[in-house]
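Trainee: I'd like to learn how to read a model like this one feature by feature. Could we look at it together?

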Amino acid sequence: MGRTALSLDANTFAFFTRNPRGGKAKEIDPQDAADFRSFAEEHGFAVLVAHAPYTLNAAAKDDRVAEFARETFASDLERMECTPHQLYNFHPGSHVGQGADVGIEKIAAVLNAVLDAGQTTTVLLETMAGKGTEIGRTFEELAAIIERVDLDDHVGVCLDSCHVWDGGYNIVDDLDGVLEQFDRVIGIGRLRAVHLNDSKNPCGAHKDRHEKIGEGCIGFEALSAMTRHPALRSLPFILETPNELDGYADEIARLREAWS
Ligand code: FE
Ligand code: FE
Ligand code: ZN
């Protein structure tokens, strides 16, 4: 993964801790992890942003699904320590009809069960588009979860540009205003990573369909402005656009060109 990222002129990347549809994780080869750590250091890699499986629903109604979320979360956090001091991003969850308040309590309970004072990983709640019964469309919902976590030093937020746009935050006309709102509700210090995606849909659509950078409703100008914004520019930016490797290389090149 490190070599592939470098070949694209990237200095960070995202990876799934296991099959994104869930299931058992592959054993981590300690030598491979050690090789990666020295490779990342040699090439000046920034912090990485791991992604939990999509099937992990910490707000689940069904006990077995909730149990899977807790076990997977705990096991992933253990595995993350093979590459210390990285970020682990997860979708807060869907309340599936129980109501957002119940969902928020359940998500906080899972975090309180799995976080360990000695861990080096920071867990990130991802801002969501508000599709179905997703929790985390509003900054207020994310703040309510974080408020209920005891070891909140280990918790941050990953801002997904497609999701906040679809969620109704206008990052095209008023990025400053959106970030001010984030700061007021959550605290800008919690913002630790950005998922940089264009969107197939207009602001407030609650759809969550990613588009290539510059080919969607957000557009190249606004996305490129995010990479240069003083509150964001030092964060890791992760592309989750519908591309193959050459498409990512091209997006990175265009964003870097506009940045310098
Ligand atoms: Fe995600
Ligand atoms: Fe994302
Ligand atoms: Zn998405």
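**Reading the metal sites, a helix and the cysteines**

Mentor: Let's start with a metal: the zinc ion (ligand 3) is coordinated by H163 (NE2), D208 (OD) and H210 (NE2), at 2.0 to 2.2 Å. Keep in mind that this is a predicted model.

Trainee: How are the donors of the zinc ion (ligand 3) spaced along the chain?

Mentor: The pattern for the zinc ion (ligand 3) reads H-x44-D-x1-H. H163 sits in helix 6 (residues 161–167), while D208 is in the loop between strand 9 (198–199) and strand 10 (210–211), so this pair ties together parts that are 45 residues apart in sequence. Both H163 and D208 are buried.

Trainee: And which residues coordinate the iron ion (ligand 1)?

Mentor: For the iron ion (ligand 1), they are H51 (NE2), H91 (NE2) and E126 (OE), at 2.1 to 2.2 Å. Written as a spacing, that's H-x39-H-x34-E. H91 lies in the loop between strand 3 and strand 4 and E126 in strand 5, so to speak two distant parts of the chain, 35 residues apart, linked by the pair. H91 and E126 are both buried.

Trainee: How far apart are the metals, then?

Mentor: The iron ion (ligand 1) is 3.3 Å from the iron ion (ligand 2), and E126 coordinates both. Between the zinc ion (ligand 3) and the iron ion (ligand 1) there are 5.3 Å.

Trainee: What does the side chain of N89 make a polar contact with?

Mentor: With the side chain of E126, at 2.8 Å. N89 belongs to strand 3 (residues 87–90), and its relative accessibility is 0%, which means it counts as buried. Beyond residues up to four places away in sequence, N89 touches several others, including H51, E126, C158 and H195.

Trainee: Is R18 buried or exposed?

Mentor: Buried, at 10% relative accessibility. You'll find R18 in the loop between strand 1 (14–16) and helix 2 (30–42). Its side chain makes a polar contact of 2.7 Å with the side chain of D76. Setting aside neighbours within four places in sequence, R18 is also in contact with other residues, among them G23, P53, T72 and R79.

Trainee: Now a helix. What's the general idea for reading one?

Mentor: An α-helix has 3.6 residues a turn, so residues three or four places apart point the same way. Take helix 4 (residues 100–114): at 1.5 Å a residue, its 15 residues should span 21 Å, and the end C-alpha atoms are 21 Å apart, which agrees.

Trainee: Which residues in helix 4 are buried?

Mentor: G103, I104, I107, A108, V110, L111 and V114. Looking down the axis of helix 4, these buried residues fall within an arc of 155 degrees, so they line one face of the helix.

Trainee: What do the buried residues of helix 4 pack against?

Mentor: They pack against helix 3 (63–80), strand 3, strand 4 (93–94), strand 5 (122–126), strand 6 (134–135) and helix 5 (139–147).

Trainee: Last topic: cysteines. How do I think about disulfides?

Mentor: A disulfide is a covalent bond between the sulfur atoms of two cysteines. To count one here, look for a pair of cysteine sulfur atoms within 2.5 Å. By this rule the count is zero disulfides. C162, for instance, is in no disulfide, and the nearest cysteine sulfur, in C217, is 9.5 Å away.

Trainee: Are C162 and C203 buried, partly exposed or exposed?

Mentor: C162 is buried, with a relative accessible area of 0%, whereas C203 is partly exposed, at 31%.

Methods:
Residues numbered from 1 in each chain as written. Chains lettered and ligands numbered in written order. Predicted model: local features only at pLDDT ≥ 70, side-chain atom pairs only at ≥ 80, totals over all residues. Heavy atoms only, no water. Donors = N, O, S within 2.8 Å, 3.2 Å for Na, K, Ca; no water. Helix = DSSP H or I, 4+ residues; strand = E, 2+ residues; numbered from the N terminus. Buried < 20%, exposed > 50% of the residue type's maximum accessible area, 1.4 Å probe, protein only. Polar contact = N/O pair within 3.5 Å; in protein donor to acceptor, adjacent residues only side chain to side chain. Contact = heavy atoms within 4.5 Å. Expected span 1.5 Å × (residues − 1). Arc of directions from axis to C-beta.
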